[in-house]
Amino acid sequence: MDINFRKIDVDVYDEDVLFETELYDPDPRSPQQVLEDTKAKAASVRSSLAKGDTVGALVTILDNPPYGPNVEEAKNLTLQTVVTVLNSTKATDIPNVVRSLPPDTQDSLMKYLYKGMGLPGWGDVSGSVLLGWHEKLTEVAGTGCIVRAMTDRRLV
């Protein structure tokens, strides 16, 4: 029995192959510019948190998040900043904060919640916080927020 057929890439012969680069428009910024923007946002978030402005901090960091290839450092810094904001928020304040966020920001927050829960080691550190935010966000934004976060090809 010949098993060489398993080594053949059949997608080479298919004209309708969909590439990842065709799924969404690439980020027009360069990777270096994305990293600089993310560092500036992180500094702004720290100052907002010092003032007690949780909503402003989340809107700042979740506005125009980094996506696409070659921006992994910016993605990780954004995730760390989002988790810092989430950890610094009292559990009783979460519903009001989530209600204050615009729908696009709620969708971005859901993406970061799933990213945080999916990374090894992150769930151990702040898993209960991420799940608490997920619960409150789902109550406010509904299941549509989950569907939009899962189906959006612009991975954060």
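**Salt bridges and a helix contact**

Mentor: Aspartate 107 has a relative accessible area of 11%, so it is buried (buried means under 20% relative accessible area, exposed over 50%, partly exposed in between, with a 1.4 Å probe and protein chains only). This is a predicted model, where local features need pLDDT of at least 70, side-chain atom pairs count only at pLDDT 80 or more, and totals for chains, interfaces and linings use all residues. Residues are numbered from 1 along each chain as its sequence is written, and side-chain values use heavy atoms, with hydrogens and water left out.

Trainee: Which residue forms a salt bridge with aspartate 107?
Mentor: Arginine 148 does, with the closest N and O atoms 2.8 Å apart. A salt bridge is a side-chain nitrogen of Lys or Arg within 4 Å of a carboxyl oxygen of Asp or Glu.

Trainee: Where do arginine 148 and aspartate 107 lie?
Mentor: Arginine 148 is in helix α7 (residues 143–151) and aspartate 107 in helix α5, so the pair ties together parts that are 41 residues apart in sequence. Helices here are DSSP runs (H or I, at least four residues), numbered from the N terminus.

Trainee: And arginine 148, buried or partly exposed?
Mentor: Arginine 148 counts as partly exposed because its relative accessibility is 39%.

Trainee: How many salt bridges are there in the whole structure?
Mentor: A search finds six. One of them pairs aspartate 152 with lysine 111, the closest N and O atoms being 2.5 Å apart. Aspartate 152 sits in the segment after α7 and lysine 111 in helix α5, so this pair also ties together parts that are 41 residues apart in sequence. Lysine 111 is buried, with a relative accessible area of 12%.

Trainee: New topic: at what angle do the axes of α2 and α5 cross?
Mentor: They cross at roughly 80° and come within 10 Å. Axes are lines fitted to C-alpha atoms, for helices over the stretch in contact, with angles running from 0 to 180 degrees between N-to-C directions. That makes α2 roughly perpendicular to α5 (65 to 115 degrees counts as roughly perpendicular).

Trainee: Which residues meet there?
Mentor: Leu58, Val59 and Leu62 in α2 meet Thr105, Ser108, Leu109 and Tyr112 in α5, where contact means heavy atoms within 4.5 Å.

Trainee: What about α2 itself, which of its residues are buried?
Mentor: In α2 (residues 54–62), the buried ones are Thr54, Gly56, Ala57, Leu58, Ile61 and Leu62. Just after α2, asparagine 64 has a positive phi of about 55°.

How values were computed: Helices (H or I, at least four residues) and strands (E, at least two) are DSSP runs, numbered from the N terminus. Angles under 35 degrees count as roughly parallel, over 145 as roughly antiparallel, 65 to 115 as roughly perpendicular and the rest as oblique.
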